Number of protein chains: 2
Amino acid sequence: MDGSHWVGVKAIAEEMGRRGHQVTVVIPEVSMRLGPSSHCRTVSYPVPYGQETVDMLMDKHKDNIRAATLPLVERMTHHMANIQSVSSFILTTAESLLFNTTLITSLEQQGFDAVLTDPLVPTGSLIARRLGVPSVCLLRGIPCGLDLAAAACPSPPSYVPRFFTRYTHSMSFPQRVGNVLVSLVEPLLCRLLYWRFDQLANRFLGEDVGVAEVLADTALWLLRYDFTLEFPRPLMPNMVLVGGINCHIRNPLAQELEQWVSGDHGFIVFSLGSMVSSLPEDITQVFLRAFTLIPQKVLWRYTGPVPGNVPDNVKMMKWLPQNDLLAHRGARAFLTHSGTHGLYEGVCHAVPMVMLPLFGDQPDNAQRLASKGVGVVLDIKHVTVETLLQALDNVVNNPRYKSSVLKLSAIHKDHPVDPLELSVYWTEFVMRHKGAGHLRAAAQDLNWFQYHSLDVIGLLIVVAMAVVMVTLKCLSLCVRRFTTRKTKQD
Amino acid sequence: MDGSHWVGVKAIAEEMGRRGHQVTVVIPEVSMRLGPSSHCRTVSYPVPYGQETVDMLMDKHKDNIRAATLPLVERMTHHMANIQSVSSFILTTAESLLFNTTLITSLEQQGFDAVLTDPLVPTGSLIARRLGVPSVCLLRGIPCGLDLAAAACPSPPSYVPRFFTRYTHSMSFPQRVGNVLVSLVEPLLCRLLYWRFDQLANRFLGEDVGVAEVLADTALWLLRYDFTLEFPRPLMPNMVLVGGINCHIRNPLAQELEQWVSGDHGFIVFSLGSMVSSLPEDITQVFLRAFTLIPQKVLWRYTGPVPGNVPDNVKMMKWLPQNDLLAHRGARAFLTHSGTHGLYEGVCHAVPMVMLPLFGDQPDNAQRLASKGVGVVLDIKHVTVETLLQALDNVVNNPRYKSSVLKLSAIHKDHPVDPLELSVYWTEFVMRHKGAGHLRAAAQDLNWFQYHSLDVIGLLIVVAMAVVMVTLKCLSLCVRRFTTRKTKQD
């Protein structure tokens, strides 16, 4: 998995390497942000596209924001075309790895102890199955709940809000209806998301299995969340929470930056994540106009062409040391797209947030944190100078937000073992205990009919009905005999 | 909670005290094994019975073993009388505490941060509610599943075996039928077990609540098991596994004992736990005769009158340093009643076991460990010299058992944080975060109808039926109109 998904995998891989494990990272020759990591050996494989294809895909998000103003049909066509091109890209990348016979054979020969992967794109899980090696999956969650289904983890729709619904754990009746409906279409969504990978699994593994069966092999799930962002829900024994994995990986600011951010009014960190490098011109102008009206300085991660009218208190940078900036005592607010990495960094350093969710799990994340009072949510497609100023003023000056985020931060940082340490521990655990099969629930061997005891309930109903009918029959016979005798006596 | 339940609570209380917390332990003046602990302040309250009542109750287990040979009706009467006297005893103890106004008022005034208790007897949980203080519950499990219900923890009967069934997680169809039936009668069993405490809760708290509601207040569940003894099952975020809490609390053997146990053939540790101090004479003789025929020495915890014919290789002692003995390299086998504390000590030190379960969760525990190949189960009521010798020979000489227990031991001891350390950590966590309400699932606010989305499903069915009916009606109207028109045309 490329993009922000790489952050956590890289952190664990590097830490494993640092501890003396031999770690091999397999990446495509061309990517968004994959690259060599320290303490690891990197193996790259050729792909039939160039860097310009990747850049073009990353630029699509700008189009998406712009597309918000299009009429419905055009907007749908636009989004479908987008999804089509992204999924083709992902599939091409996967095929380039899976059907690179030399590379796969070489991997097979090296006798690995475990595969670490983000299974949102299940290439790594497929390789783990082919190699017969236990897999450790690091992820935020698969939108259609395939991860939970694969781990046989209960997820009652009555209080576990589904992806994309923006519900919290406490739902009204109409919301519960909505949530149940979403949970009913989840299997269909999984089919839609993974049908091409199902075919790929079939071809690559030479057996009649789909992604669901392959993910059910997962020895351990490292889940990139905790109960500051998620709502309390059941978990299985082979699920470990490691939210905030990169909170403590930090360095002092470069001297020039340190000087720039210093000042009485503090500063605001603004980033829409690694996937969105620039914004449509008109939206950029809204932000710039709002920033001229605030006393804080603004550090903005922006890789597009820098506009002419950037005010003095704004610094646009191609890359931000985001975690180091948020950890700085001068950080007053965090303008974020609500990716989990960014949110956890914000929570870790107790910085109130203005959230501008774009896609994926971001709207849900934003809603959840807003429900905990640590920030406000804005719709970036319709943002105005007024709403932005109002939001910034709120989170910077209303002490309620700071106090809520401080409370959440204290909870987030309070764990017996640091999330990165814990991730490494459990990865090693899987290696030490050859896949740790003792953590695998027997539920995984049941079909859904058996899992819900429907066969047993069916039998019990039949037996109960038989008992009732026999009893009724006996009673009616008795009554009839009694009345007949009585009639005779009369 | 008295008896073996005290072991874990005491360990945590002492460790909390050692770290500088002010810990107050509230115990009755007379008990089985409760007493002052280091680093804690002990407050005792008067009870309307003497030590002889307690001793008599503990001796009842001997009667129970003897009662196994009685005819069914007498046996049932015997057991009912036993249950009656034990539950009266427990209730009297609870009432002596709850209605000791001076003590309760003094507790109310001290401003505690948390209550640590074993909720099998829910006195501590009642006090926590009265004091408005978060409670931390340390327990193995409540036989009727009231703990899981209170925490809204899913427990599908299709693969989570119920107490007393002796099933494993992998059940045949008839076993699943049995397990579902047991799960159906669980609520009734809870009523039977706790109806007197429900009344007590009512009287003590002055509100219309039962034990179930009071247990639902529990901030954190410290569960005295792990997945070496239990089978993988869903857990809630406020449940922490701390099985094997006392594995590492150990001391070197006294010199005299060290000398006695030394020898080429090693020794066997024999204890039926703190609740059973002696055995019926005929069963004692079976053990003694078998022990004369084995080369190992035997250390036997036995508090009754010592018989005349104890062989040289057997040492009967009123108290055994059980954990220290099992940790000794000479330990060859462990004859145990299969209480969890003993089993975890056996697993911790990788000693194969002959299990003689007596009551409560012991038959289940024994079955589970036997299913993992670390020992054999015998029925103590019908044990013979031959079966005992056979069992001992098996676990001592068949390397299969040692190898299985070594594997299980490695898993049991492999955790990122020591269970005692973890217990203290989470207890402090609850104190730091004022009850840690963020770990409480919203499921606890739903009734079972809502929890299972039955209201939503009902609505969906009604809507679906309405849609189908309206569609059919429309179709039939269309068809009729069409045919009428056709007839007219004809």
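pLDDT is the predictor's confidence in each residue, on a scale from 0 to 100. This model is predicted: local features need pLDDT of at least 70, side-chain atom pairs count only at pLDDT 80 or more, and totals for chains, interfaces and linings use all residues. Residues are numbered from 1 along each chain as its sequence is written, chains are lettered from A and ligands numbered from 1 in the order in which they are written, and side-chain values use heavy atoms, with hydrogens and water left out.

**View 1. Confidence along chain A.**
Chain A has a mean pLDDT of 92. In this chain, 99% of residues reach 70 or more. Helices (DSSP runs of H or I, at least four residues) and strands (runs of E, at least two) are numbered from the N terminus. Which element of chain A has the lowest mean pLDDT? That is helix α2 (residues 51–67), at 81. Strand β3 (residues 115–117) of chain A has the highest, at 98. Where pLDDT is low, the predicted coordinates should not be read in detail. The model as a whole scores ipTM 0.91 and pTM 0.92.

**View 2. Chain B against chain A.**
Contact means heavy atoms within 4.5 Å. By that rule, 46 residues of chain B touch 46 residues of chain A. About 3800 Å² is buried between chain B and chain A. Buried area is the accessible area (1.4 Å probe) that two parts lose on being put together, summed over both. Carbon and sulfur atoms give 70% of the buried area.

A salt bridge puts a side-chain nitrogen of Lys or Arg within 4 Å of a carboxyl oxygen of Asp or Glu. How many salt bridges are counted between chain B and chain A? There are four. R176(B) and D455(A) meet in a salt bridge through their side chains, at 2.5 Å from N to O. On the chain B side that touches chain A, α7, α15 (399–412), α16 (419–432), α17 (448–451) and α18 (454–489) each supply at least two residues. The largest share, six residues, comes from α7(B).

**View 3. A bridge between α7 and α3 of chain B.**
The whole structure holds 32 salt bridges over all chains. In chain B, R203(B) bridges to E95(B), and their closest N and O atoms are 3.3 Å apart. R203(B) sits in helix α7 (residues 173–205) and E95(B) in helix α3 (residues 72–98), so the pair ties together parts 108 residues apart in sequence. Buried means under 20% relative accessible area, exposed over 50%, and partly exposed in between (1.4 Å probe, protein chains only). R203(B) is exposed at 53%, while E95(B) is partly exposed at 26%.

**View 4. A bridge between α5 and α4 of chain B.**
R130(B) forms a salt bridge with E108(B), with the closest N and O atoms 3.1 Å apart. R130(B) belongs to helix α5 (residues 123–131) and E108(B) to helix α4 (residues 101–109), so the bridge ties parts 22 residues apart in sequence. R130(B) is partly exposed at 34%. E108(B) is partly exposed at 36%.

**View 5. A bridge between α9 and β9 of chain A.**
E256(A) and K315(A) meet in a salt bridge of 3.9 Å, N to O. E256(A) is in helix α9 (residues 255–261) and K315(A) in strand β9 (residues 314–317), 59 residues apart. E256(A) is exposed, with a relative accessible area of 57%.
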